[in-house]
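Hi everyone, thanks for coming. Let's walk through this one together, starting with its cores and finishing with a pair of helices.

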Amino acid sequence: MIGRLRGTLLEKQPPWLVVDVAGVGYELEASMTTLVALPGVGEAVSLYTHLTVREDAHLLFGFAREQERALFRALIKVNGIGPKLALAILSGMDETAFIRCVMEDDVKSLTRLPGVGKKTAERLVIEMRDRFPHWEQSAAVDPADIATLPGGLRERQDPLADAEAALVSLGYKPTEAAKMLSGLEEGQSTEALLKAALTKRMAG
């Protein structure tokens, strides 16, 4: 089991990133919360990881915080929640927000996440209430603070197209992704567009 990686960040294109560890490039998939928290390409990075072994592939997932990995592992134990949907949930809200939704039976907020319908949201509330790992909630990142985190996504020529592709990779339909990005201020980075789009979606 690979539990942690420390090396140089070679690539960062949501939802994927590549970390060079002693000459070996590890490809990982990560949530948007983790991606915006990472330093720039070429800088040192340390990630908590989770390895999923399938018949056709070995999938490695990276997390900026141990608390986020703990919630990811708790989520994939819920019936019907796979790694892809778990990452989408973690991209839409941080650990503190998710805990609040579960403890307050806030099904409506959970259904705003891609791939989470009413039945899935209700199942999450019921099954996750007693599954939370014992972490300090104060260690979680508030969505409002994401813009102050160091680093950023690697810029390409069309940040809007990159942001839309990232949202689709999370499970949003192309029409939903386009709607989430519509009306946002032009000239922003991919990182800023993603943050604004996810915040807009969760606000309803």
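First, a term: a nonpolar core is a set of buried Ala, Val, Leu, Ile, Met, Phe, Trp, Tyr and Cys residues joined through side-chain atoms within 4.5 Å, where buried means under 20% relative accessible area with a 1.4 Å probe, protein chains only. This is a predicted model, where local features need pLDDT of at least 70, side-chain atom pairs count only at pLDDT 80 or more, and totals for chains, interfaces and linings use all residues. Residues are numbered from 1 along each chain as its sequence is written, and side-chain values use heavy atoms, with hydrogens and water left out.

So, the largest nonpolar core: 28 residues, with Leu-75, Ile-89, Phe-98, Leu-110, Val-116, Leu-124 and Met-128 making the most contacts inside it. At least two residues each come from β5, α2, α3, α4, α5 and α6 (DSSP runs numbered from the N terminus: helices are H or I, at least four residues; strands are E, at least two). The largest share, six residues, is from α3.

What does Val-116 touch, leaving out residues up to four places away in sequence? Leu-85, Ile-89, Leu-110, Thr-111, Ala-121 and Leu-124, with contact meaning heavy atoms within 4.5 Å. Apart from this core lies another, of 25 residues, including Leu-17 and Leu-60.

Now the helix pair. The axes of α7 (159-170) and α8 (174-181) come within 9 Å and cross at roughly 135°; axes are lines fitted to C-alpha atoms, for helices over the stretch in contact, and angles run from 0 to 180 degrees between N-to-C directions. That makes α7 oblique to α8, since angles under 35 degrees count as roughly parallel, over 145 as roughly antiparallel, 65 to 115 as roughly perpendicular and the rest as oblique. Among the residues making the contact are Leu-160 and Glu-164 of α7, and Pro-174 and Met-180 of α8.

Note on methods:
Buried means under 20% relative accessible area, exposed over 50%, partly exposed in between (1.4 Å probe, protein chains only).
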